[in-house]
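Me: I have a structure open and would like to learn how to read a few of its features. Can we go through them in turn?

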Amino acid sequence: MTNRTLEDRYGRVATDLRVSLTDRCNLRCSYCMPAEGLDWLPDDSVLSDDEVVRLIAIGVQQLGIREVRFTGGEPLVRRGLVDIVRRTRSLDPALELSITTNALGLTRTAQALADAGLNRVNVSLDTVRPDTFHEITRRDRLQDVVAGLEAARAAGLGPIKINAVLLRGVNDDQAGELLRWSLERGYDLRFIEQMPLDAQHGWSREAMVTAEEIFAQLEREFDLSPAAEPRGSAPAELFRVDGGPATVGVIASVTRPFCGDCDRVRLTADGQVRNCLFAREESDLRGALRAGAGDEEIAERWVVAMRGKRAGHGIDDPTFLQPDRPMSAIGG
Ligand code: SAM
Ligand code: SF4
């Protein structure tokens, strides 16, 4: 039963929990990780399946969480994923349950995930050209991603969303091509502005491809009209393509931040609550859990962690500091 909420000082209430299940990954997207990978979290610092499910249960049963999305790193490389999904589903039949994934290996697990109670998948795919895919991810796995998408559809894990990041001089001329490919297959494409969350600190405001540019590029090939639904806390600005019903989304996280409507909170694979992707502080729930704290005490720590949430990410602020952890360790 919900007896309090995760409300911050600005009146925003977090109901959407992003849970990172691992910081490891089988791709090396250049905007996320260096080619050689990262120093992975030591095994004993990563939450066990029981610990993850217990924290999610506290969020859902005591703190008003209504949506849980598993992410990483790559959540499909977490061995216990299907079981974690099943146990999370058993907490509440109305919970919205999804994963954000690169889709590698989804051909093997899509049906099991659907049977365990997963509602949807978000798949990250930045190009449909094999050479560009290799340039971005440093792996030749495009066909496996395409097969993973098809397996997700066959398992009923829709509507399937595709997230794409455009990189200057790499795939910034491929927005239209990716949209056409997605439309032909019935996937909902959303472009996301590149954010300063790469481990190598290679992001620059000047080089990033802006939502405005993406929109202008798409408009040359498609007729775009604002979709009727209000934006609410959903970050994507949605446009009807060629009169609809298909839509395309553009998420202007940097140039038109939606922090004022944010309803998210994150749990890292090593059990730290982050009230924002760009937070500089974390709250250690794993330590409390392993020290024998009860659910009440953990819930209280979580509530307190939310009070420190800042009004906005401040990427444009001269004092902006990139968080210590990269996206793959926070959970994108
Ligand atoms: N491995 C999974 C995947 O790629 O979908 C889940 C984790 S990944 C960190 C989550 C999302 O973050 C992906 O859609 C990815 O494109 C996005 N991402 C990673 N680094 C980013 C960055 N610097 N700016 C914007 N999006 C980024
Ligand atoms: Fe892996 Fe996802 Fe990061 Fe790409 S964006 S390296 S798939 S965690």
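This is a predicted model: local features need pLDDT of at least 70, side-chain atom pairs count only at pLDDT 80 or more; totals for chains, interfaces and linings use all residues.

Me: How many bridges link β6 and β7, and in which sense do the strands pair?

Reply: Two strands count as paired if at least two bridges are found between them. Strand β6, residues 120-124, and strand β7, residues 161-164, have three bridges and are paired in the parallel sense. To see one of the contacts, find N122, whose bridge partner in β7 is K161.

Me: Which strand is joined to β7 by four bridges?

Reply: That is strand β8, residues 188-192, and it runs parallel to β7. Look for I162, which stands opposite L189 in β8.

Me: Now a helix. What span does α9 reach, and what is expected?

Reply: Compare the end-to-end distance with the one expected from the residue count. Helix α9 covers residues 295-307, 13 residues in total. From the first C-alpha to the last it reaches 19 Å, close to the 18 Å expected at 1.5 Å a residue.

Me: Which residues of α9 are buried?

Reply: Buried means under 20% relative accessible area. In α9 this applies to I298, A299, W302, V303, A305 and M306. They lie on the same side of α9, because the arc they cover around the axis is only 160°.

Me: Where are cis peptide bonds found?

Reply: Check the omega angle of the peptide bond. The bond from G158 to P159 is cis, with omega near -5°; P159 sits in the loop between α5 (142-154) and β7. Another cis bond joins G244 and P245, where omega is about 5°. P245 belongs to the loop between β10 (237-241) and β11 (247-251).

Me: What is the phi of A103, and is the residue buried or exposed?

Reply: A103 is not a glycine, yet its phi is positive, about 75°. The loop between β5 (96-101) and α3 (106-116) holds A103. With 0% relative accessibility, A103 counts as buried.

Me: What about H201?

Reply: H201 is not a glycine either, and it has a positive phi of about 55°. H201 lies in the loop between β8 and α7 (211-219). Its relative accessible area is 48%, so H201 is partly exposed.

Conventions
Residues are numbered from 1 along each chain as its sequence is written. Chains are lettered from A and ligands numbered from 1 in the order in which they are written. Side-chain values use heavy atoms; hydrogens and water are left out. Helices (H or I, at least four residues) and strands (E, at least two) are DSSP runs, numbered from the N terminus. The expected span of a helix is 1.5 Å times one less than its number of residues. Buried means under 20% relative accessible area, exposed over 50%, partly exposed in between (1.4 Å probe, protein chains only). The arc is that of the directions from the helix axis to the C-beta atoms.
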